[in-house]
Amino acid sequence: MKKIGIVYGGKSAEHEVSLMTAKAVIAALDFSKYVVTPIYITLDGEWVCGETLQAPVEDAESLRFAGTGQKDSIEQFVTLASNKTSRFDVVFPVLHGPNGEDGTIQGLFEMMNLPYVGNGVLASSAGMDKVVMKQLFHQAGLKQVPYLYSIHSQYEGNKAAFLDACEQELTYPLFVKPANLGSSVGITKAKNRAELEKAIDFAFTYDRKIVVEQGIVAREIELSVLGNDEPTVSIAGEVLPTKDFYDYSAKYVDGTTNYAIPAEISEAELHDLQQAAIAAFKILDGSGLVRADFFLTDSGEVYINEVNTLPGFTPISMYPKLWIASGKTYSQVVEELIQLGLERFEEKQ
Ligand code: ATP
Ligand code: MG
Ligand code: MG
Ligand code: MG
């Protein structure tokens, strides 16, 4: 039996999504092979280690433990994971957004010499910061939409200059995003200067760094990458939002989004997208998994939007669905990710 710790929740705007993912990952584990410990990080960042599970949980809500009231209960995890007999053979962080997808928790696992699933510190943090990510993609020769970025302390006092620069260098509509987030949280589409200013203020409520991107009229195509040094790439899936754009509620709340798997694209387009997804994974030095999000124009031009180093991972999420469409089961993908995490750990020893 292998001891596995599933870490979920988190001090992040994507807390709820993480609960759904954790429930699905736990349900996919073979309980005759794994001793499963749920580890919940509350919205306040408090760590709560649950009792070992005897069976998958019925609903995501039951994974929401009441806090212990101890502010430093991360110590509970550290103690459990450092102890020779209770030590985990592997931990699976199922956290999205800051404090989970961004390399911070991966750093904790590294310091504790714990094998873990998914991307390491560098790929996680570089993939979380949209500005750093764009700079790396540029380096890799990947095409992107034009953008500008700003840091709060610089923006304050120079608002007009930044807004002018956006209007001079970019064409409306513009997409304003917090640099470090996901699930479309904090993102607004702005059609004029007043909306742009409002959108920037809103994005700054989530992050000290924001990105302003030129809007593009294109299809949205996503691909899944799986592997370590020799990554494999899935077929393509298309996101078909029925609203203005693929915002938080279209992703998780109102169910208005349609998906086409496989995406109806040409062989040549698929080839270009797959090459770009692998290039993005490699420039980040990814391991385990990445979902690469693209824009595909009517003339077949591929623009990379971003990668997600810990993408949504419920059975209805794009990442596993693309592999399921390629013949794997959800459980097989989970198991492969665990093995990839163990392999990477062994290579380092
Ligand atoms: P996630 O991590 O959940 O994929 P995110 O918060 O990192 O999301 P993005 O993927 O960058 O956000 O953007 C969210 C959505 O906003 C896109 O899927 C797309 O619908 C729209 N969007 C973002 N940037 C642009 C752009 N430059 N032009 C047109 N649409 C865009
Ligand atoms: Mg993202
Ligand atoms: Mg994301
Ligand atoms: Mg995205």
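Me: Which residues of α12 are buried?
Reply: In this predicted model, the buried residues of α12 are Y330, V333, V334, L337, I338 and G341. A residue is buried if 20 or more other C-beta atoms, placed from the backbone, lie within 10 Å of its own, exposed if 12 or fewer, and partly exposed in between.

Me: Where do the buried residues fall, seen down the axis of α12?
Reply: They fall within an arc of 140°, so they line one face of the helix. The arc is that of the directions from the helix axis to the C-beta atoms.

Me: And what does the face turned away from the buried side carry?
Reply: That face of α12 carries the exposed residues E346 and E347.

Me: What covers the buried residues of α12?
Reply: The cover includes α1 (15-28), β4 (90-94), β12 (288-296) and α11 (318-324). Helices (H or I, at least four residues) and strands (E, at least two) are DSSP runs, numbered from the N terminus.

Me: Before going on, how are residues and chains labelled, and what does the model require?
Reply: Residues are numbered from 1 along each chain as its sequence is written, while chains are lettered from A and ligands numbered from 1 in the order in which they are written. As the model is predicted, local features need pLDDT of at least 70 and side-chain atom pairs count only at pLDDT 80 or more, whereas totals for chains, interfaces and linings use all residues.

Me: New topic: which domains does the chain have?
Reply: The assignment gives domain 1 (2-116), domain 2 (127-143 + 217-348) and domain 3 (147-214); such bounds come from an automatic or database domain assignment.

Me: How many residues does each side give to the contact of domain 1 and domain 2?
Reply: Domain 1 gives 19 residues and domain 2 gives 15 residues, where contact is C-beta atoms, placed from the backbone, within 7 Å. On the side of domain 1, α1 and β4 are the elements that give two or more residues, and α1 gives the most, with six residues.

Me: Now ligand 1: which residues are closest?
Reply: The closest are F175, G182, E213, F245 and Y246, among 20 residues that surround ligand 1; a residue is near if its C-beta atom, placed from the backbone, lies within 6 Å.

Me: Which strand gives the most to that shell?
Reply: β13 gives the most to the shell, with three residues.

Me: Where does ligand 1 lie relative to the domains?
Reply: Domain 2 and domain 3 both give residues to the shell around ligand 1, so it lies between them.

Methods
Contact = placed C-beta atoms within 7 Å.
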